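Please look over the structure shown here before reading on. The questions and answers after it are written for someone meeting it for the first time.

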Amino acid sequence: MTRVGSVELRLVTLPLVRPFRTSFGEMREKVCVLARVETDGAHGWGECVADVEPTYSEEWNDGAWSLIRDFLAPAAFAAGDLDADDLASVFAFVRGHPTAKATLENAVLDAELRARGRSLAEYLGAVRERVECGVSVGIAPSTEALLEQVSGYLGEGYRRIKLKIEPGTDVERVRAVREANPDILLSVDANAAYRLADVETFRALDAFDLLMVEQPLHHEDLWEHSLLQKQISTDICLDESIRSAADARAAIELGSCRIVNVKQGRVGGVLEARRVHDVAQELGVPVWCGGMLETGIGRATNLALAALPNFRLPGDTSATNRYFAEDLTEPLVLAPDGTLPVPGGSGIGVEPDPDRLEAATRRAERIVPARR
Ligand code: SMG
Ligand code: MG
């Protein structure tokens, strides 16, 4: 048991090595909220996976900041002695906002584990010391540029290529990448850009032996995905639609997907992410670890999760240099075999470099319990 004594929020910005375009927009820099909590005798870090605008989900940086400052941190202070495990019920009075909740819960768990000298990976039930990494490739300006990027990533050792797709260029781009690379693990991610009426596009994609098609339809839908899955042979993987272990159970039982992308931020933190993993495992469905272009803090958190047994496919756990020339933490470097090590130190096992953190910080605020 410990007590949350303060929460420091920072808005940080890091330039991306190349723009990252999806079906809903383009990112040129990473901008996110970090939380540093202080508990009795320890501190811990959490990274919020929201972005500047509410485009991937309904959460965004400034919204998460206000929610943490005005509701979540005060609730954590008022709860008194607690374990990170108790926070889901402490935060339950706030509907939704899994990403903001994850930021604080992960930070408290990190502090708790640092105080006990235990690693997050070991605490979660890791069964491996290295994880297989894939890479997510943004929508490129041309097919030639895409082919060049893909061959660069394959040269670095990545074990799975995921192509972002959008209506118009989808089939042609996937065909080009598949023809150039007949034997690779290849998947696509639509970020909800299609409708059920686009089934012919997915039938055409069935020809390319894809590992999966990720979130083809509406970001909250389960039912229409189940109808689409019946009409195509490629496995559907859900990302945006899965916000909890209960959603994962519903999606699998409905036949809406045969694979689940687990992003701890999207489901409210690593503890719920482990429950998503467990439900999928019980129902015989493989999961893999998604990514949100995290800095080293969120990336280390993801690597711990990806070490669990039912993470059976390479994740979007790419190396630091995929996105950043310089990270807040020490870089995570891809081995030539396409794996990254699971951090073994206390908590998430990484710490931001104080100078780099200061240089990246645009705004900071320290929240403490109100005096009575
Ligand atoms: O961290 O490598 C990463 C990003 C992987 O493609 C990625 N994430 O829908 O899975 C996804 C996207 C969301 C990115 S939001 C800009
Ligand atoms: Mg996705």
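Predicted model: local features only at pLDDT ≥ 70, side-chain atom pairs only at ≥ 80, totals over all residues.

Residues are numbered from 1 along each chain as its sequence is written, chains are lettered from A and ligands numbered from 1 in the order in which they are written, and side-chain values use heavy atoms, with hydrogens and water left out.

Q: Which residues coordinate the magnesium ion (ligand 2)?
A: Donors are N, O and S atoms within 2.8 Å of the metal (3.2 Å for Na, K and Ca), and sites may look incomplete because water is not among the atoms. Along the chain, the donors of this ion follow the spacing D-x24-E-x24-D. At 2.1 to 2.3 Å, the coordinating residues are Asp189 (OD), Glu214 (OE) and Asp239 (OD).

Q: Is Glu214 buried or exposed?
A: Buried means under 20% relative accessible area, exposed over 50%, and partly exposed in between (1.4 Å probe, protein chains only). Because its relative accessibility is 0%, Glu214 counts as buried.

Q: With which residues is Gly5 in contact, leaving aside its neighbours within four places in sequence?
A: Gly5 lies in strand S1 (residues 4-22), where strands (E, at least two residues) and helices (H or I, at least four) are DSSP runs numbered from the N terminus. Contact means heavy atoms within 4.5 Å. With those neighbours left aside, the contacts of Gly5 are Glu38, Thr39, Phe77, Val368 and Pro369.
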